Amino acid sequence: MTTDAVSLDSVEETPVWLELNNTPVVTWMCTPDQLDELVVGWLFGEGYINSMDDIAKMRPCAREPGFWVDIAPEKVAAVDSSSRRRILASGCGSVTAFLGSLADVPKRRGVTPELDTPKLRLLFKEMFSRGGRYKETGGIHAASLTDGETLLFHAEDIGRHNAVDKVLGAAVQAGRMPDDLVLLVTGRISGELAYKAARANLSVIATPSVPSTIAVEIAKASGMMMIGRAVSGQPQIHRYQQG
């Protein structure tokens, strides 16, 4: 049996590396687009930068997918001195991640948008409609940032953590801090993804799937709203008030 004439569906996956202050810090297995956003979003979500002003230099490699980034050494030292541990992440497309203790989860600041089930359904419907690769293959994740009314930033990637980094990076590049924004994701909300969202000071993270138990505990520690089964008739809302 020959498959020469058969077009087989597949999703592009490429390793992309980052060296921070001349030290290798991460290699992503990712969909090779919006790579600038991926780098900026990862640095922001991991706490290395607070804005584009913290990046002294960012240069792509001309020979292969990779980046050199320079930031102030004290910012690297602050992250390295935290109690976070490198872990094998549960998300596809990510080899390792950093996860800290609940005591280190940042406490949320900012206003939480008012959301209802019909509005969430419409926002997810719009996100799915933007998913060109998802329509073609079904083998991709998506993430969007919204103000509760319209989608502001959107990305697709083979790894949902990468898709989240890309939309965070797009927001930071645009000078739009995500403090009062809602993150929509297509897959389950894992502990490391919830921790990233908490460090980014997001107000809400929602999924048509469900969160993990660790993700719920992180939401409790941060004051972030977490919504599972967001497009169902009865969304599961995890909301904790501080103080």
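A residue is called buried when its relative accessible area is under 20%, exposed when it is over 50%, and partly exposed in between, using a 1.4 Å probe and protein chains only. By this definition, 49% of the 243 residues of the chain count as buried. The structure is a predicted model, in which local features need pLDDT of at least 70 and side-chain atom pairs count only at pLDDT 80 or more, while totals for chains, interfaces and linings use all residues. Residues are numbered from 1 along each chain as its sequence is written, and side-chain values use heavy atoms, with hydrogens and water left out.

The chain contains seven helices and twelve strands. Helices (H or I, at least four residues) and strands (E, at least two) are DSSP runs, numbered from the N terminus. Six of the strands form an open sheet with mixed pairing, in the order S8-S7-S9-S10-S11-S12. Two strands are said to pair if DSSP finds at least two bridges between them. At the edges stand strand S8 (151-157) and strand S12 (236-238), each of which pairs on one side only. From one strand to the next, the twist averages 15 degrees. Within this sheet, strand S10 (residues 204-206) and strand S11 (residues 225-228) run parallel and are joined by three bridges; Val204 stands opposite Met225 in S11.

Helices accompany the sheet. Helix H3 (residues 117-129) lies across strand S7 (141-146), S8, strand S9 (182-185), S10 and S11, and runs at about 55 degrees to S9. Helix H5 (residues 160-173) also packs on the sheet, where it touches S7, S8 and S9, and its direction makes about 145 degrees with that of S8. Such angles run from 0 to 180 degrees between N-to-C directions, the axes being lines fitted to C-alpha atoms, for helices over the stretch in contact.

The interior may be considered next. A nonpolar core is a set of buried Ala, Val, Leu, Ile, Met, Phe, Trp, Tyr and Cys residues joined through side-chain atoms within 4.5 Å. The largest such core has 53 residues, of which Leu18, Trp28, Leu43, Tyr48, Leu145, Leu183 and Met226 touch the most other members. Apart from it lies another core of 13 residues, including Phe124 and Ala230. In soluble globular proteins, nonpolar side chains tend to be buried together.

Aromatic rings provide further detail. Rings of Phe, Tyr and Trp (its six-membered ring) pair if their centres lie within 6.5 Å; planes under 30 degrees apart count as stacked, over 60 as edge-to-face and the rest as tilted. Four aromatic pairs are found in the whole structure. One of them, Trp28 with Trp42, is edge-to-face, with 6.0 Å centre to centre and 85 degrees between the planes. Because Trp28 lies in strand S2 and Trp42 in helix H1, this pair ties together parts that are 14 residues apart in sequence. Trp28 is buried at 3% relative accessibility, and Trp42 is buried at 5%. The rings of Phe124 and Phe128 have centres 6.1 Å apart and planes at 35 degrees, so that pair is tilted. Phe124 is buried, with a relative accessible area of 0%, whereas Phe128 is partly exposed at 36%.

Finally, the backbone deserves attention. Most residues other than glycine have a negative phi. Asn201, however, has a positive phi of about 65 degrees; it is found in the loop between helix H6 (191-199) and S10.

Conventions:
Contact = heavy atoms within 4.5 Å.
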